[in-house]
Amino acid sequence: MNSATELMDAGFACLVERLGIVDAERFVAMIKRDSFDYTLWRREYFDKMDLSQVSEEASAYAKSHPHKGKGIRI
């Protein structure tokens, strides 16, 4: 990706693909309104788990949600 605009376009396309346009817009609005810190949010979740739990959850998610989209590999 060459620019911030391209990155934002690709990210929003992923949100729309997964959530639909309305929920993608709602997600972005919530992030902006709440001064959301994604890193802190995920850290609070994962800090409560040991490595084997993280691995099991990731494997289960990957099996139940196989990638079928038009994702961009970077």
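**Entry 1: a loop residue**

I started with Asp-37, which I found in the loop between α2 and α3 (38-46). A reminder to myself before going on: this is a predicted model. Is Asp-37 buried, partly exposed or exposed? Its relative accessibility came out at 41%, so Asp-37 counts as partly exposed; the partly exposed class lies between the buried limit of 20% and the exposed limit of 50%.

Next I looked up how far Asp-37 is from Asp-50. In sequence, 13 residues separate the two. In space, I got 22 Å from C-alpha to C-alpha.

**Entry 2: salt bridges**

How many salt bridges does the structure hold? I found two, and I took them in turn.

One joins Arg-26 to Asp-23, and the closest N and O atoms there are 2.9 Å apart.

**Entry 3: two helices**

Then I turned to α1 and α2. Two packed helices are described by the angle between their axes and the distance between the axes, so I looked up both values. Helix α2 covers residues 21-33, and α1 packs against α2 at an angle of about 125°, with 7 Å between the axes. That angle makes α1 oblique to α2. Which hand does the crossing have? I wrote down right-handed for the way α1 passes α2.

**Entry 4: a nonpolar patch**

My last stop was the surface. Which residues make the nonpolar patch there? I listed Leu-19, Phe-27 and Met-30, and the patch comes to about 240 Å².

I followed up on Leu-19. This residue is in helix α1, which runs over residues 4-19. Its relative accessibility is 38%, so Leu-19 counts as partly exposed. Patch members need over 30%, and Leu-19 has 38%.

Methods. Residues are numbered from 1 along each chain as its sequence is written. This is a predicted model: local features need pLDDT of at least 70, side-chain atom pairs count only at pLDDT 80 or more; totals for chains, interfaces and linings use all residues. Side-chain values use heavy atoms; hydrogens and water are left out. Patches are made of residues with over 30% relative accessible area and no salt bridge: like charges are joined within 9 Å, nonpolar side chains (Val, Leu, Ile, Met, Phe, Trp, Tyr) within 5 Å. Accessible areas come from the Shrake-Rupley method with a 1.4 Å probe; for residues, only the protein chains shown count as cover. A salt bridge is a side-chain nitrogen of Lys or Arg within 4 Å of a carboxyl oxygen of Asp or Glu. Helices (H or I, at least four residues) and strands (E, at least two) are DSSP runs, numbered from the N terminus. Buried means under 20% relative accessible area, exposed over 50%, partly exposed in between (1.4 Å probe, protein chains only). Axes are lines fitted to C-alpha atoms, for helices over the stretch in contact, and angles run from 0 to 180 degrees between N-to-C directions. Angles under 35 degrees count as roughly parallel, over 145 as roughly antiparallel, 65 to 115 as roughly perpendicular and the rest as oblique. A crossing is left-handed if the near helix is turned anticlockwise from the far one by less than a right angle, and right-handed if clockwise.
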